[in-house]
Amino acid sequence: MSKFTERRARALRYGVAVSVIAAAMGVAGAAAAQSAPADDAESSVEEVVVTGFRGSLRQAIDVKRQETGVVDAIMAEDIADFPDLNLAESIQRVPGVAIDRDAGEGRSITVRGLSADFTRTRINGMEAQATTGGTDSSGGANRGRGFDFNVFASDLFNSIKISKTAAAETEEGSLGATVDLQTSRPFDYKDFTMAGSAQYGYNDLSQEYDPRLAFLISDRFADGKFGALLSVAYGKRNLIEEGYSSVRWDNGPSSGGFCSPVGHVPINPTGSSNGASATNCSTGNPRLANTPGNQAIYDLATGTTASPVFHPRLPRYGRLTHSQDRLGVTGALQWRPADSTLISYELLYSKLDATRQEDFLEALSFSRNASAGGKTQINVLDAAVDNGMLVYGLFDNVDVRSESRYDELSTEFTQHTLSLEHDFTDSLHAKAYVGQAVSDFSNPIQTTVTFDRTNTDGYSWDYRQNSNLPLIDYGFDVTDPTAWSWIGAGAPATALPTSEIRLRPNGVKTTFRTAQFDLAWDVEDNVTLKTGVNYKTFQSDSYDFRRTLETSVPALPAGTTLADISNVLTGFGRNLGAPSGIDTAWLRPDLNAIADLYNIYCNCDTGVPGGDFRLTSITNGNARGGNRSVEEKDLAAYVQVDFRTDLPIWDMGLRGNFGIRQAKTEIYAEGYSSQGGGTLVWGKHDYTDTLPSLNLALDVTDDIVVRFGAAKVMARPQIGNTLAGTNYLVPTTSLATTGTTYTASKGNVELEPFRANTLDLSFEWYFAPESLFSVALFYKDIDSYIQLQRQDLLYSQLSTIDPVAFDPAFCPGPIPGDPAKCSANSTFQYTTAFNTEGGPLKGYEISFQQPFTFLPGPFDGLGVQLNYTHVESEIDYCANALCTTVITNDMASLSPESYNATLYYETDKLSARVSAASREGYLQNVPGRNNNSLEGKQGTFNVDVSASYRFTDNFTVTFEGLNLTDEFNAQWVGDETRESTSVYHHTGRQYYFGFRYKY
């Protein structure tokens with residue numbers, strides 16, 4: 001018996017089940033495993049059957065052990081019982097993986113410091129993309145290459161495999177990892193199988209109850225040659241998200257200083273009032289803009305006057321009300337007409353429908369420039385500064401707003417795959433498949449309505465007791481309808497700000513079509529030659545519509561008051577930890593009443609002043625950037641050799657693969673630029689990558705495996721993540737002068753992909769049954785990187801960078817399609833993407849898992865799963881548009897440290913576990929926006945629990961508790977010494993009670 005046969009037999013003694021390997025590696029792998037000879041003596045060894053969570057860990061460790069490359073796996077404990085309710089939250093248990101959440105639920109993943117744009121996800125062997133619409137603070141609608149895992153219910157899947165090293169046979173497109181999601185197939189089960197589960201959930205912040213249901217039925221017919229499977233999962237989710245946000249902080253004087261009375265003196269540490277009266281600032285109603293001045297304010301940290309001073313741009317408390325309905329369906333047909341042939345058809349369908357209402361009470365003067373009635377109208381009466389931040393301020397002349405936004409969101413995902421596996425001979429094998437995956441995201445209703453109060457006196461904020469949750473005093477009764485205004489058509493031009501009705505429907509449709517053919521020839525027992533070709537197309541079509549005159553609203557009809565189109569939000573701040581004295585209720589627009597009163601969804605001009613609710617797209621300067629299309633055609637071919645041999649000198653077994661893959665990418669991108677009211681612009685680009693790879697696995701002893709991997713990898717450029725402000729590939733320019741910030745952008749179709757050379761080395765010690773201790777080292781030399789540069793520039797500077805795209809004739813004067821005017825000295829937030837040299841990324845992972853079966857009962861049911869990851873990177877970021885200044889810092893989305901820990905207890909009847917996931921804080925944007933060097937996110941620490949009790953072989957009751965720490969989404973802006981809170985929201989704890997039944 002060869003060493004490989006011996007080791008395979010030993011693995012069988014540890015309980016490797018052929019059906020499990022089938023679920024993880026596909027039916028073809030299962031067939032190969034079943035056909036392998038087994039020694040009679042070995043086959044008589046008694047096996048211990050392990051089920052439950054411990055069983056899923058055992059199955060995953062067996063998959064990892066048999067792979068050649070560096071692979072981690074997650075297996076379903078049982079039918080309709082994935083280890084977590086959310087796929088992303090399950091994947092975070094894998095070493096090197098961290099997740100980002102939206103509305104309290106895992107949305108995207110980061111692998112070894114590389115974000116979702118660098119990680120490719122495949123479903124049933126085919127690359128796909130799933131898109132949802134997130135909150136603005138979590139990136140908004142996903143229009144990039146990242147995969148939104150919250151589109152799918154975890155009940156639809158039975159295994160996840162994360163491949164961290166590249167092989168020639170694996171599709172290109174990832175720097176970090178390839179994630180394979182596998183749904184159930186009928187040949188995964190021997191006989192007729194039917195199972196279902198039901199759960200009822202409760203959220204302690206929203207105090208809402210929600211159901212989750214899952215069902216699966218599978219059977220085999222015609223002597224087991226034909227199989228059919230259907231699974232369905234449905235869930236509702238209602239929650240609220242509450243907290244504070246600032247929409248970033250800004251440098252006051254550089255973006256238009258506060259009103260500065262002549263002869264004023266610096267504010268001293270005790271916070272006494274300004275040395276001069278406000279008579280030199282404009283008084284009356286409305287108060288007009290004044291000449292900007294640097295408000296000299298005393299800095300508590302340095303003991304000197306502070307200039308410049310950073311302040312919150314849009315300080316606000318807010319509530320977001322989320323409602324979700326998620327339906328998922330999988331179907332599979334399998335036919336084995338002969339032992340040598342297998343035909344499989346798989347369908348995956350998911351529909352995620354959601355609504356989200358966002359209600360904010362905010363002061364918008366601090367985000368506005370002089371022409372829009374901003375800081376130059378504000379009189380600073382009292383202030384305190386700490387480390388350059390205006391942590392306390394008392395102000396007159398502040399415009400206050402109550403803003404309500406309502407979104408209807410829908411994602412429909414459909415994937416079809418058809419595959420054929422055939423053995424021409426005992427040594428010649430082929431596999432072919434074709435498939436299509438479509439993700440159709442639409443946001444047909446995105447409506448924002450505002451109430452306003454101009455020139456409010458006595459407004460204040462105070463961060464001195466809590467830097468995340470300031471005490472805000474608005475200076476008036478915010479629940480009183482008579483204290484607010486509906487500033488409609490016909491109001492004086494000086495009545496700033498005017499009320500708004502924004503209508504912004506949008507969407508994006510992404511389509512993958514793939515065809516692949518693979519051929520494998522067993523040259524001899526231990527050598528296999530593989531070759532194949534893959535062709536796929538990727539199409540991303542994005543659209544955006546907007547109401548052209550968002551700041552023009554009809555006056556209230558005679559007999560109608562503000563009280564008729566408003567209601568009061570109540571109960572704000574539960575479990576928030578905010579200082580006492582904040583407003584827990586405020587008046588907000590009643591969106592339904594306003595829609596009915598003005599017929600705002602008619603897409604028509606109602607004929608009354610301010611009542612034009614027509615939607616425009618490419619003729620609207622603020623919408624046209626969201627109308628774009630990107631098409632890619634990728635053709636790749638590979639050759640790979642798999643081998644295994646004994647090394648008689650050292651008495652070791654060596655297995656591995658080496659090969660080369662070549663991929664050609666052709667890109668066509670088009671969109672609309674600002675010139676001429678919407679000029680169609682298009683561009684093409686192509687590039688070819690040759691990608692060699694090597695993977696080795698050395699079986700040093702029966703229990704120790706050393707792996708080595710080396711490869712050249714690539715990831716294609718991002719497309720864009722927001723409607724108009726983040727454009728990578730589409731070669732358009734955009735200008736927008738409505739709202740509180742002027743923006744400009746330019747795309748770049750000639751972006752080269754991210755490219756890197758990678759090295760991996762891991763040591764794995766399977767020191768006991770179901771046990772593992774491993775250390776993995778990784779290094780990625782990223783020699784081609786893409787940066788998104790944001791910088792505040794005058795329009796005259798934009799014209800210097802690109803006099804064609806930003807024609808000096810556009811300013812002064814109105815930008816086509818925009819009502820506002822700009823000048824050569826107007827400040828624009830300019831965004832563009834370009835290639836840079838990148839830098840190194842390196843790190844290590846440590847993993848340990850073991851059941852404590854050696855302990856005396858009842859403690860022998862205990863076990864642990866632990867892992868820790870450390871990552872370092874060094875990227876040179878261009879600090880300005882001409883790249884004359886460089887900032888060296890971590891890669892965006894990279895957490896230097898993360899760890900996961902699970903303690904479980906398992907018996908024949910009882911299964912329980914508690915899991916903790918920690919992720920260190922990370923950078924989001926370098927450089928940051930609004931004169932900030934950095935934007936980042938604070939670290940998180942999440943704790944989940946799960947328990948089940950099996951009353952009979954068929955019936956089990958379950959309990960799950962998620963986010964028991966009620967972790968906050970905490971984001972900041974600043975620099976190396978200053979972190980100013982931009983978002984601080986929480987969603988509460990989630991509990992589920994239910995049962996599972998299997999027939």
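## Surface patch

Phe221, Phe226, Leu333, Trp335, Tyr345, Leu418 and Val434 make a nonpolar surface patch of about 610 Å². Patch members have over 30% relative accessible area and no salt bridge, with nonpolar side chains joined within 5 Å; a salt bridge puts a side-chain nitrogen of Lys or Arg within 4 Å of a carboxyl oxygen of Asp or Glu. Areas are Shrake-Rupley values with a 1.4 Å probe. Leu333 belongs to strand E15 (residues 316-338); strands are DSSP runs of at least two residues, numbered from the N terminus. Leu333 counts as partly exposed because its relative accessibility is 39%, between the limits for buried (under 20%) and exposed (over 50%).

## Model basis

The model is predicted: local features need pLDDT of at least 70 and side-chain atom pairs pLDDT 80 or more, while totals for chains, interfaces and linings use all residues. Numbering starts from 1 along each chain, and side-chain values use heavy atoms, without hydrogens or water.

## Nonpolar cores

A core joins buried nonpolar residues through side-chain atoms within 4.5 Å. The largest has 70 residues; Ile91, Ile109, Ile123, Phe152, Leu181, Phe413 and Met891 touch the most other members. Strand E37 (residues 772-794) gives the largest share of this core, five residues. Another core, apart from it, has 54 residues, including Ile378 and Phe968.

Leu181 has contacts (heavy atoms within 4.5 Å) with residues including Leu87, Ile123 and Phe157.

## Five-stranded sheet

An open sheet of mixed pairing runs E1-E6-E7-E4-E5. E1 (71-75) and E5 (126-127) are the edge strands, each with a single partner, so one side of each has no neighbour in the sheet. E4 (residues 119-123) pairs with E5 in the antiparallel sense over two bridges, and pairing requires at least two. Ile123 stands opposite Met126 in E5.

How values were computed:
Buried < 20%, exposed > 50% of the residue type's maximum accessible area, 1.4 Å probe, protein only. Helix = DSSP H or I, 4+ residues; strand = E, 2+ residues; numbered from the N terminus. Patch = residues over 30% accessible without salt bridge, like charges linked within 9 Å, V, L, I, M, F, W, Y side chains within 5 Å. Lists of a residue's contacts leave out its neighbours within four places in sequence.
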